[in-house]
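Subject: Structure handover

Hi,

Here is the structure I promised to pass on.

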Amino acid sequence: MREDEKELWMEVFHDDEAFLSALEKERTVTTYRHEEKGRLVAAIHLFPIEIVADGTAREAFYLVGAATKVEYRRRGLMGSLIAEARKEGEILLYPAVRGFYEKLGFISPVFRIEESEKKKPAAKESLHPDFDSLEESYENFFHHGCVRRDERAWRETLADNRLVTYGNGYALISYNDGKLVESAYSDEEERAALLETAGAVIEPLNGRGKRTVLFGMTTSKEDEGLFIPEIY
């Protein structure tokens, strides 16, 4: 990333340079830029990811850092950059403003969440996670389709969320508000244990959950069951 791209990102999202340096070091980032009079005023960034479904992987791109200087907003610059980026292939993202991306043709795969009152902690907090085991449980649960995570993505996720586990199941609970962010389980015992601890579990669209929830977004209308978490 160029210095002006980092400056725009930090101006809009308030991340520090250490975060951007780590992102740049560990990801192959492609940037789409719009300049006015030689000055960067809008940019988006893509990095390659894998989507895995039923053991088969395919390539796609994840969009991050969609930023426009305040005085240049509402001019269609971001829409033009995203339209150009879509020529790369399927694009996924975790939206800040979902309605904006819906107007650009992105869709939101829908899941359900089942909630209950928290009782006694049935699952235990895990302070030393095994990333390979987490990834295996994650992909097995979302076998209909999910974004494959590497160790960096897991570390970023666990920096913001508390991890509780039971057997091969796990739940991620936000440090910010104590709400469920993600869960995966392989049987009814794991599901029940996580439900007691986290107060909620995620289920497929046709599952037993009561409330529908949205996560990330995709440009592919074929991805109705794809689980798209926030990922860096």
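Strand β2 pairs with strand β7 (residues 146-147) in the antiparallel sense, over two bridges, and I51 has V147 of β7 opposite. Here two strands count as paired if DSSP finds at least two bridges between them; helices (H or I, at least four residues) and strands (E, at least two) are DSSP runs, numbered from the N terminus. Please keep in mind that this is a predicted model: local features need pLDDT of at least 70, side-chain atom pairs count only at pLDDT 80 or more, and totals for chains, interfaces and linings use all residues. Residues are numbered from 1 along each chain as its sequence is written, and side-chain values use heavy atoms, with hydrogens and water left out.

Staying with β2, which covers residues 39-53: eleven of its 15 residues are buried, where buried means under 20% relative accessible area, exposed over 50% and partly exposed in between (1.4 Å probe, protein chains only). Strand β1 (residues 30-36) runs antiparallel to β2 and is joined to β2 by seven bridges, with E36 opposite R39. Two residues separate the strands in that hairpin, and K37 takes a positive phi near 55°. Strand β3 (residues 56-68) is also an antiparallel partner of β2, over eleven bridges, and A67 in β3 is the bridge partner of A43. This hairpin too has two residues between its strands, and D54 in the turn shows a positive phi of about 50°.

Now to another sheet. Four strands form an open sheet in the order β6-β8-β9-β10, with antiparallel pairing. Its edge strands, β6 (124-125) and β10 (180-184), each pair on one side only. Helix α5 (residues 131-141) packs on the sheet and touches β8, β9 (169-174) and β10, its direction making about 85° with that of β10. Contact means heavy atoms within 4.5 Å; axes are lines fitted to C-alpha atoms, for helices over the stretch in contact, and angles run from 0 to 180 degrees between N-to-C directions. Helix α6 (residues 151-160) lies across β8, β9 and β10, at about 105° to β8.

How do the two helices meet? The axes of α5 and α6 are 10 Å apart, at an angle of about 90°, so α5 and α6 are roughly perpendicular to each other (65 to 115 degrees; under 35 is roughly parallel, over 145 roughly antiparallel and the rest oblique). On the α5 side the contact involves F131, L134, E135 and Y138, and on the α6 side E151, W154, R155 and L158.

One residue I would look at is E182, in strand β10. E182 counts as buried because its relative accessibility is 1%. Its side chain makes polar contacts with the side chains of R149 (2.7 Å) and Y170 (2.5 Å). A polar contact is a pair of N or O atoms within 3.5 Å; within protein, one must be able to donate a hydrogen and the other to accept it, and residues adjacent in sequence count only if both atoms are side-chain atoms. Leaving out residues up to four places away in sequence, E182 also touches others, including Y138, F142, W154 and F227.

Lastly, helix α7 (residues 188-198) has buried residues including E190, R191, L194 and L195, and the buried residues of α7 pack against β5 (110-115), β8, β9, β10 and β11 (200-203). Just after α7, G199 takes a positive phi of about 80°.

Best wishes
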